[in-house]
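This briefing is meant for a reader who is meeting the structure for the first time. Please look over the sequence and the model before going on to the notes below.

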Amino acid sequence: MPCVVGRMASPPAFGTDFGTTTMTETNPSTYERRDVIKAGAMATAALAVGNAFAQEKQAEPAQPKPKLPPIKVGLLGCGGRGTGAAFDALQADSGVVIHAIGDILGDRVKSCRTNLETSVEYKDRVKIDDREFIGFEALDRMLATDIEVILLATPPAFRPTQVVKSIDAGKHVFAEKPFGVDVPGALQIQAAGLKAKEKNLSLMSGFCWRSSLPERAVYEQIHKGAIGNIRTIYATYNGSPNASFARKDGQTDMEWQVRNWFHFLWLGGDHIVEQACHSVDKLNWAMNNQTPLRCWAVGGRAQRADGVGNIYDHFGVTYEYKGGVRSFLQARQWENCPTDNTDYVYGEKGTAFINGWGPSHVIKGESANWVYDGPSKNMYVHEHEEMFAGIRSGKVRNDTEWAVQSTLMAIMGRMAAYTGEVITWEKLLTSTEVLGPAVPAMGEVAVTPVPRPGYTKFS
Amino acid sequence: MRPHDLTLRALLTPTILCMAAACTSTQAPEPVQQPAQAFEVAVPGCTQSVRLMPIPAAEGVGAFWMASTEVTWDMYDAFVFAMDRAEGEADPVDAYTRPSKPYILMDRGFGHKNYPVISVSTKGAAEYCKWLSAKTGYRFRLPTEAEWMHAARAGQAGEWGFAGGQEKLTDHAWYFANAMDEEDFRLETRSVGLKAANAYGLHDMHGNACEWTLAADGSFVAKGGSFKEKPEALMISARRANDAALNATDPQIPKSVWWLADGGFVGFRVVCDGH
């Protein structure tokens, strides 16, 4: 079976219904039908290896960027990901100035500020001055400054309120995934996203694979018919547990839980919502944002029965679509076990394999195979490049529709596993369950029981 | 140099470990010029043992033992997840530090049990050696680049540690031409030890995972090339620097000092200086 590496040209590589497809967005013409091999896959696909240390090519080194007019940026959520997002923004746009930072926890603000202000490359564009804000009031105080863009990277529980207030305040928003931990929260962001469109404000999500060039290329191929109509998708997000930190003397419930937010349902939404949501999002991407009809799921705590927190450590979810299409998600956080994060998209005329970490971006068609051989970029930086380019051009990126749906689908899977019920999309949208305290504050926060299928009720 | 001929002699069990000068004295042994026999050391917290092959001295390189395979996930998981430790037991202060829990999926889905550990930083590799030393009483460390090259040659001249040169590479190494999974067209690591060993009894010195070593200037360099590389990267003189590109896409700041988000091809093997 021949294998086409990179951009396809005539004769058609995928059969008659797919012969005109090209990949001009991501594959430079130099790769056009570079290698078509007679023999089997082994020798063939090997030719996809473009350089010594990466199967996919790195994009051309960035040219020195012209100095752009300043854009004042605030960062809310000064942990590792938030600090990383601030650096991504600085790298992405030469006019970005970090103007304010904030977090519930003072030590996070301090360490983040130190990292930014000691950066040889970017310290000249870190101008925080007295605009560092600590505690739950940090959001309001930051929004009262003249920042134009806010980066939201706190635990997901706080995201809906933050997005709503930020859009109301007229700020462009980068919000880490997921878009909330419960249905009312996700719908709040949906409403804020509509308002953002009216105001021409960005609402960019941290579903980073949407900004990955190889992923874009392979999903584009799928949408253009490379594998025909999708029949089934199988996605894995089988990882290992996140770290947890012992409670220290003097820590309130809130502080201890926030420092261990991965492990508490109300803060992170469980790992299916805050981690495996990437796989749910890619599943949703493949299905072109089609709404699932209903959902079955299983889950439990096999390894962390006595561990910190109240989330599950494994899920198996089935999403049913119109026409008998089903997609399956397997997600776990088990240590001392193999890991895998792959998407298998099975169509009537072929199969796509997608793994961003391997990496592997491959389509096996009826008569030919396709292996991505185009450039690759750091998706975390690229998403910021696109956001700031959109802000500067006035053509802002608004991810609301699919980012909210991906979040809701992850919540749907969690609720189906927790309750044991078959959850329809219509039923999901009636959920009024709001996780966590109505008004978060330092102090006591009860840990809710671990859900028990058949007994935990949908609400 | 003539290939060492002792590697296939009787393999001693961990309970009767004996190496040239080491088993009859409680004193630290003098530097060994010609380790006599291979031996095994059980890795705490897992069911695998490190099989240590004697590597004879050569010009500029003393004698030492080198693990017959790259460190596997089985061996490294025991360290990361503290599987050697009884519940409630604390690690000794200042002896070693264990890695953080990996944030992303560090085996990349290639395989786990008996597959070579990958995505490991130099700090992770060095601390593993400290841990294994503290736990077993043997002196484990990373090889120097010179030691690694000497061991990889196994008496051969040139760039390949086996007879027949590059044409025979596929018999000895997993690399881009033979490491493709036919199902998903992905280049992947393989279980350690499947390819033929060199004359010193060392598997996968070329290809599979490339391996951290300590260069003469004190920096770390990765040797041997990997499953995803072309033959020139697998040559004995080839080396890969420890640079920022190996962790460029770790989305956290500060970036992990233990795991390499973009280093899904870098592992290591240990060497041993005896007790």
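This is a predicted model: local features need pLDDT of at least 70, side-chain atom pairs count only at pLDDT 80 or more; totals for chains, interfaces and linings use all residues.

Over all chains, the structure holds 34 salt bridges.

**A salt bridge within one helix**

- A:Arg113 and A:Glu117 form a salt bridge in which the closest N and O atoms are 2.8 Å apart.
- Both A:Arg113 and A:Glu117 belong to helix 3 of chain A, which covers residues 106-117, and they are four residues apart, about one turn of the helix.

**Helix 6 and helix 13 of chain A**

- Helix 6 (residues 183-199) and helix 13 (residues 400-419) of chain A have axes that come within 10 Å and cross at roughly 175°.
- Since angles over 145 degrees count as roughly antiparallel, helix 6 of chain A and helix 13 of chain A are therefore roughly antiparallel to each other.
- Helix 6 of chain A contributes A:Val183, A:Ala186, A:Leu187, A:Ile189, A:Gln190 and A:Gly193 to the contact, while helix 13 of chain A contributes A:Thr400, A:Val404, A:Thr407, A:Leu408, A:Ile411 and A:Met415.
- Sorted by class, the contact of helix 6 with helix 13 of chain A has eight nonpolar residues, four polar residues and no charged ones.

**Helix 1 and helix 2 of chain B**

- In chain B, the axes of helix 1 (residues 73-80) and helix 2 (residues 122-136) come within 11 Å and cross at roughly 80°, which makes helix 1 of chain B roughly perpendicular to helix 2 of chain B.
- The residues that make this contact are B:Met75, B:Tyr76, B:Ala78 and B:Phe79 from helix 1 of chain B, together with B:Gly124, B:Ala125, B:Glu127, B:Tyr128 and B:Trp131 from helix 2 of chain B.
- Of the residues in the contact of helix 1 with helix 2 of chain B, seven are nonpolar, one is polar and one is charged.

**The interface of chain A and chain B**

- In chain A, 46 residues are in contact with 37 residues of chain B, and the two chains bury about 3,700 Å² between them, 61% of it on carbon and sulfur atoms.
- Several elements of chain A each supply at least two residues of the side that touches chain B, among them helix 1 (41-46), strand 9 (230-239) and strand 14 (350-355), and the largest share, five residues, comes from helix 2 of chain A.
- The side of chain A that touches chain B has 22 nonpolar, 20 polar and four charged residues.

Terms used
Residues are numbered from 1 along each chain as its sequence is written. Chains are lettered from A and ligands numbered from 1 in the order in which they are written. Side-chain values use heavy atoms; hydrogens and water are left out. Contact means heavy atoms within 4.5 Å. Buried area is the accessible area (1.4 Å probe) that two parts lose on being put together, summed over both. Ala, Val, Leu, Ile, Met, Phe, Trp, Tyr, Cys and Pro count as nonpolar, Asp, Glu, Lys and Arg as charged, and the others, Gly among them, as polar. Axes are lines fitted to C-alpha atoms, for helices over the stretch in contact, and angles run from 0 to 180 degrees between N-to-C directions. Angles under 35 degrees count as roughly parallel, over 145 as roughly antiparallel, 65 to 115 as roughly perpendicular and the rest as oblique. A salt bridge is a side-chain nitrogen of Lys or Arg within 4 Å of a carboxyl oxygen of Asp or Glu.
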